[in-house]
Amino acid sequence: MLFQQISYAQIDAEQKKEKPRIVKEDSSFDSPVVYSCRDSIFADLENNKISLFGEAKVVFDGITMTADLIELNTETNEVYCIYTLDENGERVGIPKFEQGTESFTAASIRYNMKTQKGYIEELKTNQEELYLHMGVAKRQKNNHVHFKEGKVTTCDLDEPHFHFQLSKAVMVPEERIATGPMNLWVKGIPTPVGLPFSILPMRGETETGGLLFPQIAPTSPFGMGFQDLGYYFPIERSDQIQTTFYGSLYSQGTFEIRNQTDYMRRYKFNGGVNLGYSSFRRPFPADSIRTQKIVVQWTHQQEAKANPYWRFNSRVNFQSDNNGQTTLDPLADQFFQNNFNSDINLARTFPGKPITMGLKAGLRQNSVSGNLDLDLPTFTTNVNRFFPFKALRRDAVGSEKWYEKVGVTYNLEARNRAFFQDELLNDRRFDLIQQTFQNGINQNVRMITAIPMFGKTITFSPNINYNLRTNFQQIRKSFDPILEEQIIDTLRRAGLSQDVSANFDFSTNLYAYYRFAWDKDLKMRHVITPNISFRFSPDLSSFITDNVGISGEQISYSPFERSLYREPQGRQVGVMRYNINNTFELKRRAKRDTLEEFERIRIIDAFTISGDYDLFRDSLLFSPMKFAARFTPLPGVNVNAGADFSFYSWNNNTGATEATFAYQTGQGLGRFTRFDFNTSYTFASKESQKKIEENQDVFMNNWEGDFQYYAMNPHELIDFDIPWKVSLQYNLFYSLNTSPLLWQQSRYRETQSITLSGDVSLTRRWKVAVNANYDVTSRQTTQGRISLNRDMHCWQLAFFWTPVGGQRSFLVRFNATSNLFQAAKVELRRPPEFL
């Protein structure tokens, strides 16, 4: 319907064979008003009113209003929207107002199109995680909304679990809400917590800075204090970067300052930088001693489509003291970590060429050993497989020759590495750190092909490997007859070493079927995958033989045994390897009407036998025969087993392996030197098992550390959609005691453990979880943890207690689930005396 100058026209339905339409033209409207509904339209021409019933909609000057009942008054230019009730007394067609990015719902809306003012009852709107309820509201011409009986909350329910009650307020869209007195209500009950007035910022095109409330710590190892008192600084004229400064202070003198800066450029990259400085003051009587710590964390992720040829990523986690437990937050992710890794990578690919170049800087920190492994930098060049002999073909017609399928790859790595103790960094001994640097270049060329033989029943895969190593440090050994000691000198000069090897690999697949006398339709399918290979490597090493042993005896050593790229053994190698893999499955003709002709039941997923024989070794030519098996006897039950069997004899007093075969000394065929067995099963309903698999699939696609842990251990995830589950894991490991003293006490060292984890929902919102590890050998519980979680929709209550193990802890946490109120939490980290 279009309104312009006043006139009415009734169109004859029989002439046009269409529905009757009423067109009203009124010059009082500045722009067209388009309206429609599902049910019917009633026009009261005498009172200048039009009523729309059922899914009514009005569009006017960029404003869209919907409701189950809408009345238009063409005389006063007002639109009135209201809901209706169904047969159950429920509200149907709640009025909704939309203008640009602004939208809200209400019980009723009365809006004047000319004055652009409105009167609203029971308004509800949200912006990101913030929900705003208004009892009675009036919209002004400048878009400001004056309202009373308001509620502000992060709970999305119509009756929120908690809210801040506002007596009266004014909302400036996308800027702020200025309120009068406000106080906190929980489950409809007012609390004494409140403020005489408040200003709530709302997210708009420009962001404003603000104070971040800290976490109060009444008790801690550092005394009483506050943690993470912050201030947020938005960067003006930029929506791509933001920064926040935090400060923490404790009564014993410990303090920390840090800065968190996040940046993002859409479709290009995103990342964040966290810089922190901490000063820890030791308790009395060593309170005059302070220790400092610097933390640098930087993550940068480039979008895949940002640049097809260049790629830059970083993941830096540097701890200056090489210790994750020197932190003000014992629940931090790094508190129980021993390794801290940092990497910065730059890669370049070349279009149309199989070449990739990369530059990398990395740091590996280990708090247990106190070692730092620094790469500064590492340059790599990789040439993917290409086929150089295809250029010899003169005629493009015909099948490929065998030599045209020979592929060549090339890899180069130039590395500058330092390996040193963290004490040198703490003492700022950069001169000594500089002396630990080693550098060199390693190059590898490989030629490989695959040739089918005997009608493609056997695949022959020969390959040749050549390695050329350039080290810029080497050693020389000598013996001082006066001091009677060995002397090792480090020489700063370049040296070359190389090795070449030829590998010949044969593999095939064999199939066997076994019938059962009692069931003709049942068959067992046996797939055998044998693989035999031979590797030959001549002695091209640069080993030196001289009387320079510890006691002056003759030894052979490599001048590069302490260099960056070391040589393999200084002798020729001729190793023949064998590997036989077996799988077994039952096949039965499908009885049900399905697309599959046969039903398959896997009995043994894999049963492998492997080993090798070294032709040029002085003794012990046969390696231990290795057995490995994996099968799933029942759905959800996984069983893995493995063992090593040695054919050689042993000394009954020390257990040491001897060079003769066991059958020659009357010790049978030999002995098992290792055996391991582990199995696991998760008890849960079929629906829960399916949910666990879905969670695992989700976590496998996420590279975040916590997600990866749950991807490998999905049974440990607390999911309220799973009413109960129990996971049981059993591990058994036997190995030979290599120490003569331990051998006399027991020939094998046994490790046996049982891990139990599970959770159960006491109610729809309460869930209790238990995780325990029991060492069967020592008959004691090595780790035990109990947790209790309460899902309160917009709040969460959690209790964690680890009474047994090396990481004993206690925590009671009550926090909001919304990121907007992430600082609103209460934590208790000191258990009661009886615990």
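Which residues make the nonpolar surface patch of about 740 Å²? They are F683, W724, V726, L728, I754, L756, V760, L762 and Y774. Let me start there and then work through the rest of the chain.

First, the ground rules. This is a predicted model, in which local features need pLDDT of at least 70, side-chain atom pairs count only at pLDDT 80 or more, and totals for chains, interfaces and linings use all residues. Residues are numbered from 1 along each chain as its sequence is written, and side-chain values use heavy atoms, with hydrogens and water left out.

Back to the patch. Patch residues have over 30% relative accessible area and no salt bridge; like charges are joined within 9 Å, and nonpolar side chains (Val, Leu, Ile, Met, Phe, Trp, Tyr) within 5 Å. Areas come from the Shrake-Rupley method with a 1.4 Å probe, and for residues only the protein chains shown count as cover. Two strands, β48 (724–736) and β49 (748–761), each supply at least two residues of the patch. I754 is found in β49. I754 counts as partly exposed because its relative accessibility is 31%. Here is the scale: buried is under 20% relative accessible area, exposed is over 50%, and partly exposed is in between (1.4 Å probe, protein chains only).

Now the whole chain. The secondary structure comes to 6 helices and 54 strands. These are DSSP runs numbered from the N terminus: helices are H or I with at least four residues, strands are E with at least two. Of the 835 residues, 32% are buried. The chain exposes about 51100 Å², and carbon and sulfur atoms supply 56% of that. A contact means heavy atoms within 4.5 Å. Among contacts with a separation of 6 or more, 46% join residues 24 or more positions apart.

On to the inside. In soluble globular proteins, nonpolar side chains tend to be buried together. A nonpolar core here is a set of buried Ala, Val, Leu, Ile, Met, Phe, Trp, Tyr and Cys residues joined through side-chain atoms within 4.5 Å. The largest core has 34 residues, and I70, L72 and F147 touch the most other members. Another core, of 7 residues, lies apart from it; L363, L372, L374 and F437 are among its residues.

Next, the rings. Phe, Tyr and Trp rings (for Trp, the six-membered one) pair if their centres lie within 6.5 Å; planes under 30 degrees apart are stacked, over 60 edge-to-face, and the rest tilted. A search of the whole structure finds 20 aromatic pairs. Take F233 and F245: the centres are 5.7 Å apart and the planes at 85°, so this pair is edge-to-face. F233 sits in β21 (residues 225–234) and F245 in β22 (residues 241–250), 12 residues apart. F233 is partly exposed at 37%, and F245 is partly exposed at 44%.

F460 and F504 are stacked, 6.4 Å centre to centre with 5° between the planes. F460 is in β33 (residues 458–471) and F504 in β36 (residues 495–508), so the pair ties together parts 44 residues apart in sequence. F460 is buried at 16%, while F504 is partly exposed at 33%.

Stay in β36, where D505 also lies. How far apart are the C-alpha atoms of D505 and S533? They are separated by 4.2 Å, although the two residues are 28 residues apart along the chain.

Last, charges. Side chains of opposite charge can pair when their charged atoms come close. A salt bridge is a side-chain nitrogen of Lys or Arg within 4 Å of a carboxyl oxygen of Asp or Glu. The count comes to 23. D499 and R469 meet in one, at 2.6 Å, N to O. D499 lies in β36 and R469 in β33, so this pair ties together parts 30 residues apart. D499 is buried at 11%, and R469 is buried at 6%.

By contrast, E55 and R38 form a salt bridge at 3.5 Å, and both residues are exposed. Finally, E585 bridges to R525 at 3.4 Å. Salt bridges that share partners join R525, E585, R602 and D605 into one network.
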